[in-house]
Amino acid sequence: MRAKVRSEVERLAGRVAQDVFAGWERATLSRAVAAALDAERPRLVREVAEHTGGQAARAARAAVEEARERGLERAAAEAVGAELAARLAEHEGLVHALASDATEEALLAARPELLRTVREEVAKAYAEATPAVIEVSLPGRRPVRVRAATHRALPELLTALHARCHVLLVGPAGTGKSMLAKHAAEALGLELQALSLGPTTPMSKVFGYFDAHGHYHDTPFRRAFEHGGLMLLDELDNGHPGLLGELNQALALRTCAFADGMVTAHQDFRLVATGNTYGHGGDHQYVGRQALDAATLDRFVVIDVPIDQRLEYRLVLAGAPSRREEARALLKEVRRLRAVAAEKRLPLTFSPRAGIDGARLLEAGATVAQVLAWRVTRGLSAAHRSALGLDAPGREREPQDARPESFG
Ligand SMILES: Nc1ncnc2c1ncn2[C@@H]1O[C@H](COP(=O)(O)OP(=O)(O)OP(=O)(O)O)[C@@H](O)[C@H]1O
Ligand SMILES: [Mg+2]
């Protein structure tokens, strides 16, 4: 038993010794490690420091390098920017100076044109927006207002009529000669009488006649002559020379032999004749016209009635109030054809009537192409079509540009 206890005590003592030894060993070991670490610390520190220092230095160098590059870049960019800005400022100044010089010059050069355009536009807008009324003042008469768009030759005509002259209005077809006579009558407060002359117009149409019952039938001419009024003798250059010869006396002496006797002209008798020629015979366009007797011509003041572009524009636009753009396009084409026909001396007429009637057709629903075909280019020969540039390849049938090239 004692031996058993002893061996047990020895086993326990052995274990304790073992534990103590293990503890000692661990302590010794850690001490040794600590001592070794202590011994190694400066080296380790140096190494680590060197290592990290190297890395840091490299990083710092890289950072410095990068920063330097960035800095350089920025500086370079700044320098370039500054240079550019300076140049730009310099150039801008130059450009501004040049531009203002040029503008000033251009303005000076363009001023008359600008003013003209502005005036035209204002006149156009005014003409389109206001009803036409002109006031006529003649010496010794109360001013008269004519409520119509009138031809610019009206004042000349009124002056001549006021001076009690007989007037021959000469101009191409459709320029408004007959209408001028009507407006003149209105402005002078006279009744209008009218007769259109042709090669076969008989004397009785002017001087009247007695019928089979012995009744005298008067004429527009007789009424104006006897009671006052404005007599329009349309197409004088188309009248029979014999008839015109008979008229000479009435015009010169202001007395006239009518079928029923001599009559003296009323003091308010005025005569306006119209013609497409100056009475020297036909030309390439008005072929059948009579050469008027020098004695007949000598009795007239002759006033030219060319196309009044402003009036034409106004009448065309007034004819198609709901199709203004197309009306402008139509007018532009009529004017183009007119210019080509005049330049090539073609025996063709593109009168204001074409545009005025055409505008009415537009307003009634026709297209520009239809109006051109029906009213403007109808009946043209192939040679004339080609001379006028119609049917040329690539040419559009319907003109696009609606602005009239000329207004005044
Ligand atoms: N001032 C005007 N106001 C309104 N319409 C006008 C005016 N002048 C002309 N016209 C119109 O223009 C067209 C041509 O006018 P007008 O018949 O007076 O011309 P004309 O010169 O006598 O022509 P022709 O030589 O063929 O006899 C007509 O349809 C007419 O109604
Ligand atoms: Mg006429």
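**View 1. Strands β3 and β10 side by side.** Strand β3 (residues 166-170) and strand β10 (residues 269-275) pair in the parallel sense over four bridges; two strands count as paired if DSSP finds at least two bridges between them. Strands here are DSSP runs (E, at least two residues) and helices are runs of H or I (at least four), numbered from the N terminus. Val-170 has Gly-275 of β10 as its bridge partner. This is a predicted model, where local features need pLDDT of at least 70, side-chain atom pairs count only at pLDDT 80 or more, and totals for chains, interfaces and linings use all residues. Residues are numbered from 1 along each chain as its sequence is written, while chains are lettered from A and ligands numbered from 1 in the order in which they are written.

**View 2. The open sheet of five strands.** Follow the order β4-β7-β10-β3-β11, with parallel pairing. At the edges stand β4 (192-196) and β11 (300-304), each with a single partner strand, so one side of each has no neighbour in the sheet.

**View 3. Strand β7 and its partners.** Five of the six residues of β7 (residues 229-234) are buried (20 or more other C-beta atoms, placed from the backbone, within 10 Å of their own). Five bridges join β7 to β4, and five join β7 to β10. Leu-230 in β7 stands opposite Leu-192, and Met-231 has Leu-271 of β10 as its bridge partner.

View 4. Of the 19 residues around ligand 1 (C-beta atom, placed from the backbone, within 6 Å), Ala-173, Gly-176, Lys-177, Ser-178 and Met-179 come nearest. Helices α3 (177-188), α8 (309-319) and α10 (352-363) each supply at least two residues of this shell.

Terms used. Buried ≥ 20, exposed ≤ 12 C-beta atoms within 10 Å, placed from the backbone.
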